[in-house]
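Hi,

Here is the structure I promised to pass on. Have a look at it, and then read on for what turned up.

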Amino acid sequence: DVVWLFNQVNHNLLSQAKKHGVFKKSITCGLDIHKIPWYGKTKDKHVLGMEKVRGTSFGHGYASIECVENGKRFTLSAYPLDQFTTKRGFITSLIEKARECVDIKYLFLDRGFFNVESIETLMDLSVFFVIPAIRNERVKRIIREFLEKCKGFAYKEQYSLVREYTMRRGSVSVMFNLVVIVERPEKMCDEWKVFAYATNIPVTADNAFKLAEGYRGRWGIETGYRMKEDVRGRTCSRNYVIRLFFQLLSILLYNLWQLCNLIIIIEINWNKRGYPVILEEFKDNLSDFIL
């Protein structure tokens, strides 16, 4: 019931944003997983392992798709995770829910999705993706050989390599473009900068660098997660439903804040950097309104 209600309210918020012209064109999005530390003794199916944070290695988590373009930083869909959730399951659900309101141009994911299950799912859904490559032995060898060639050239600051790459797991295989971007260091003694990523986007010499640069804009996801933490309700309850309610409510409040700023920007013709209403002001105004 909590998830159903969240989806209904979030759809309404995104529909309002769409009426104000936010999603006229296809947009660039990011998909990521966010985990909230759990300190309880109970380890039920909703408790996931995570990197140690403030004394615990367990947490509750959800995956989400976020718009990473300036002025459109809405959370498009969210999916609570448990120990039995598959990547195919939550990736499919997130994309289908997001597509109810937006057309996804590109989807940026972190290297945790550099695997057959995730890439096969994205291809089945006809989504253009960019995923940093895990530097296994094959990828390391490709990078090493290309880097040696680049060091023999002296006329360019950046070099790109595009080649077909096949990844297998059991009887299942996926084929995509492996792109390697190499940048000459500013000082002779520094190391060359290397970024390798997987994509199913048709890659040319021009857009190879643009896609790599665009991926760097994905940092907006982490900023969004931090801001949602500022409006997430705190509770000592061990009831998962209550904790899930606070998680999803924080997303709705974040999207409501984005929508309010969008409307204000249009109404007063705001042309300055930043938001007309910062998050703290929004929280204070909302609290006063409720009281």
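Let's start with W4, which is exposed at a relative accessible area of 57%; exposed means over 50% and buried under 20%, with partly exposed in between (1.4 Å probe, protein chains only). W4 belongs to helix α1 (residues 2–19), where helices are DSSP runs of H or I with at least four residues, strands are E runs of at least two, and both are numbered from the N terminus. Together with L5 and V9, W4 makes a nonpolar surface patch of about 310 Å² accessible area. Patch members need over 30% relative accessible area and no salt bridge, with nonpolar side chains (Val, Leu, Ile, Met, Phe, Trp, Tyr) joined within 5 Å and like charges within 9 Å. A salt bridge puts a side-chain nitrogen of Lys or Arg within 4 Å of a carboxyl oxygen of Asp or Glu, and the areas are Shrake-Rupley values with a 1.4 Å probe, for which only the protein chains shown count as cover for residues.

Before going further: this is a predicted model, with local features requiring pLDDT of at least 70 and side-chain atom pairs pLDDT 80 or more, while totals for chains, interfaces and linings use all residues. Numbering runs from 1 along each chain as its sequence is written, and side-chain values use heavy atoms, leaving out hydrogens and water.

On confidence, the average pLDDT (the predictor's confidence in each residue, from 0 to 100) is 92, and 99% of the residues score at least 70.

Now the rings. The whole structure holds 14 aromatic pairs. One of them is F195 with Y197, tilted, with 5.5 Å between centres and 35° between planes. Pairs are Phe, Tyr or Trp rings (six-membered ring for Trp) with centres within 6.5 Å; under 30 degrees is stacked, over 60 edge-to-face, and the rest tilted.

Last, some backbone: S126, in the loop between α3 and β6 (129–132), has a positive phi of about 55° without being a glycine. S126 is exposed, at 60% relative accessible area.

Cheers
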